[in-house]
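Subject: Structure for your review

Dear colleague,

Please find below the structure I am handing over to you. My notes on what was found in it follow directly after.

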Amino acid sequence: QVHLVESGGGLVQAGGSLRLSCAASGRTFSSLLMAWFRQTPGKEREFLAAIARSGGRTSYAESVKGRFTISRDNAESTVNLQMNSLKPEDTAIYYCAANAIALGPISAYTSQNQFTYWGQGAQVTVSS
């Protein structure tokens, strides 16, 4: 079992930045493929970014490429999402997710159905 806890959400003005963190426990963190998703009311969770177990490879959704950066610290069992140039349409609940059995390229892991473990979510609100 993997336990994930997000932190760092909040209210920010358009053009501003926020950094989300997700702390993991319950399993060797370096064995987990990690990702960030977000969700708005009435919509499915949207993939944002994923990072390989070693941290050496990352993948991003087109909607956030160049603005968001995913990183991980295996020694601290944390994964982060640095969000810059935020827009009102980035307003959502943000979730970190983990996959313990992923094989192949991380670019193939973009669906919420491919991730078993989820955090409770962190609200991000971007005002115009």
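How many disulfides does a search of the whole structure find? The search finds 1 disulfide. Please bear in mind throughout that this is a predicted model.

The disulfide is formed by C22 and C96, whose sulfur atoms are 2.0 Å apart. The torsion about their S-S bond is about 45 degrees, so the disulfide is right-handed. C22 belongs to strand β3 and C96 to strand β9, so the pair ties together parts that are 74 residues apart in sequence. As for solvent accessibility, C22 counts as buried at 1% relative accessibility, and C96 is buried with a relative accessible area of 0%.

I turn next to the aromatic residues. A pair of aromatic rings is described by the distance of the centres and the angle of the planes. The count comes to 4 aromatic pairs. In one of them, the ring centres of Y95 and W118 are 6.3 Å apart and the planes stand at 85 degrees; an angle over 60 degrees counts as edge-to-face, so this pair is edge-to-face. Y95 lies in strand β9 (residues 92-99) and W118 in strand β10 (residues 117-118), so the pair ties together parts that are 23 residues apart in sequence. Y95 counts as buried, at 9% relative accessibility, whereas W118, at 23%, counts as partly exposed. Through ring pairs, F37, F47, Y95, F115 and W118 are linked into a cluster.

Two arginines also lie over ring faces. R45 is placed over the face of Y95, at 3.8 Å from the ring centre. R72 is placed over the face of F29, at 4.4 Å from the ring centre.

Finally, the nonpolar core. The largest one has 42 residues, and those with the most contacts inside it are L4, W36, V79, L81, M83 and Y94. The elements that contribute two or more residues to this core are β3 (18-25), β4 (33-39), β5 (46-51), β7 (68-73), β8 (78-83), β9 and β11 (122-127).

Which residues does Y94 contact, leaving aside its neighbours within four places in sequence? They are E6, L20, F37, R38, L48, F68, L81, M83, G121, A122 and V124. Of these contacts, L81 and M83 are also among the core residues named above.

Yours sincerely,
A colleague

Note on methods. Residues numbered from 1 in each chain as written. Predicted model: local features only at pLDDT ≥ 70, side-chain atom pairs only at ≥ 80, totals over all residues. Heavy atoms only, no water. Phe/Tyr/Trp six-rings, centres within 6.5 Å; stacked < 30°, edge-to-face > 60°. Helix = DSSP H or I, 4+ residues; strand = E, 2+ residues; numbered from the N terminus. Buried < 20%, exposed > 50% of the residue type's maximum accessible area, 1.4 Å probe, protein only. Lys NZ or Arg CZ within 6 Å of the ring centre and 35° of its normal. Core = buried A, V, L, I, M, F, W, Y, C linked by side-chain atoms within 4.5 Å. Contact = heavy atoms within 4.5 Å. Disulfide = S-S within 2.5 Å.
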